[in-house]
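Please open the model in your viewer and keep the selection tool at hand. The tour below goes from one selection to the next and says what is to be found at each stop.

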Amino acid sequence: MPLPGGRPAALLPLCLLCLQAALPLRGHGGRYAGDKVIRVVPENARETQILRAAFNRLKVDLWQPSSPFHIIEGTVTDVRVPQNTSRSLLPYLQQANIQYTILISDLQKAIENQTGLRSYRNRRSLSGYNYEVYHSLEEIQSWMHHLNKTHSDLVHMFSVGKSYEGRPLFVLKLGKRSQLYKKAVWIDCGIHAREWIGPAFCQWFVKEALQTYQTDPVMRKMLTQLYFYIMPVFNVDGYHFSWTNDRFWRKTRSKNTRFRCYGVDANRNWKVKWCDEGASFHPCDDTYCGPFPESEPEVKAVAHFLRKHRKQIKAYLSFHAYAQMLLYPYSYKYATIPNFSCVESAAYNAVNALQSAYGIRYRYGPASSTLYVSSGSSMDWAYKNGIPYAFAFELRDTGHFGFLLPETLIKPTCTETMLAVKNITLHLLKKCH
Ligand SMILES: [Zn+2]
């Protein structure tokens, strides 16, 4: 794709080739010692072009957007810059007269501050399970087993398949077995491993459902009239890896033998305009679409389940972070969906409900024009396969903490998001024309 505007990269006055490629940092101080997260908002086509070229060459870890080609004039770009890269990159940006701000000055310290705090706290609250801390995959899976045993009237756990590394892909079916046929809502969290607030929200949703079912008429109605299929951790291998090896891992963990790179972007691997704009063919990129659609066992398993239940499932909700946005199709093109007015009014009401809790205003709209164009996403796939309400949430924040959202913000984030989800669910139960 040609870069819009500006001079060709070869004529740039600055020596792009002088920039050092990032080498993996090991040894003293931990994996991310000295790494920074910086924010740049390119002001014109020249700056946009310089940033795209530099970030593409350096293979820095883009936090927002997810690929250098999504860097757009006037919009925020957050990027993790390894210590050795920042020594050349930051003077380079200054020389090019491109303004940047440092969001996190030492990432390793930021991670350690969080985990340090956590170790002082009991992982179980006085009343049982603690929903205000992040949980490892093992903890989430034993929590699911536990609920399956203790709440068998409302909860049924099953697996839709196995991950690349052989882990079961557990889903909770939540709802009262009241009628023979019920509409259903699918909710998944943790397609991208490092977005830990996602799985925390899925757990929160289940907790709220079970705790308020008796007392809250809205929740009672939801669980009586609908089934909820909840997959707290979609990308189980990646999530596990983000706990054990690399906090900022995004993709799955399948191995590419030719390039010795791991993982596919599980939100670019769906059979809907697969590997077109906003996805990468290169196995080492963070937005790698995979060798073919549904190459990832996790995507294939969920796609199979959704296809099988497409008549029953009326809403598909997928939880990501971070940006504070509520997105609906299309992702892969700038076009209006056929049932736009119903979906748009559901989104409008949902973000208003969300805002009523703590005043946090979400942007909302089609993913292509609100976030960026990306192909092969689960949301577009769900919509194209007949699920009329397909949404992707980008939860808190807008980059202050980014993927390291502190555990103290789990409660407010989940509380406000619950309001949005309840709102969308109620919208489903009303007829919309
Ligand atoms: Zn994501």
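Begin by selecting Cys-289, which at 0% relative accessibility counts as buried, where buried means under 20% relative accessible area, exposed over 50% and partly exposed in between, computed with a 1.4 Å probe on protein chains only. Before going on, note that this is a predicted model, in which local features need pLDDT of at least 70 and side-chain atom pairs count only at pLDDT 80 or more, while totals for chains, interfaces and linings use all residues. Residues are numbered from 1 along each chain as its sequence is written, and side-chain values use heavy atoms, with hydrogens and water left out.

The link of Cys-275 and Cys-289 is left-handed, with -75 degrees about the S-S bond. Both Cys-275 and Cys-289 sit in the loop between β12 (261-262) and α8 (297-308), 14 residues apart; here helices (H or I, at least four residues) and strands (E, at least two) are DSSP runs, numbered from the N terminus. Cys-275 is buried, with a relative accessible area of 8%.

How many disulfides does a search of the whole structure find? The search finds four, and the next one to select joins Cys-342 to Cys-432, with an S to S distance of 2.1 Å. The torsion about the S-S bond of Cys-342 and Cys-432 is about -105 degrees, so this disulfide is left-handed. Cys-342 belongs to helix α9 (residues 340-358), whereas Cys-432 lies in the segment after α12 (410-429), and the pair links these distant parts of the chain, 90 residues apart. Colouring by accessibility separates the two partners, since Cys-342 counts as buried at 5% relative accessibility, while Cys-432 is partly exposed with a relative accessible area of 27%.

Select Cys-414 next, a cysteine that is in no disulfide, the nearest cysteine sulfur, that of Cys-189, being 8.9 Å away. Cys-414 counts as buried, at 0% relative accessibility.

From there, move to Cys-189, which a disulfide joins to Cys-202 (S to S 2.1 Å). The torsion about the S-S bond of Cys-189 and Cys-202 is about 85 degrees, so the disulfide is right-handed. Cys-189 lies in strand β9 and Cys-202 in helix α5, so the pair ties together parts that are 13 residues apart in sequence. Both Cys-189 and Cys-202 are buried.

Glu-195 lies in the loop between β9 (183-189) and α5 (197-212) and His-320 in strand β13 (residues 313-321), so the pair ties together parts that are 125 residues apart in sequence. Glu-195 counts as buried at 5% relative accessibility, and His-320 is buried with a relative accessible area of 3%.

For the last stop, select Thr-101 in strand β4 (residues 100-104), which at 44% relative accessibility counts as partly exposed. The C-alpha atoms of Thr-101 and Ile-38 are separated by 5.6 Å, although the residues are 63 apart along the chain.

Key
Disulfide = S-S within 2.5 Å.
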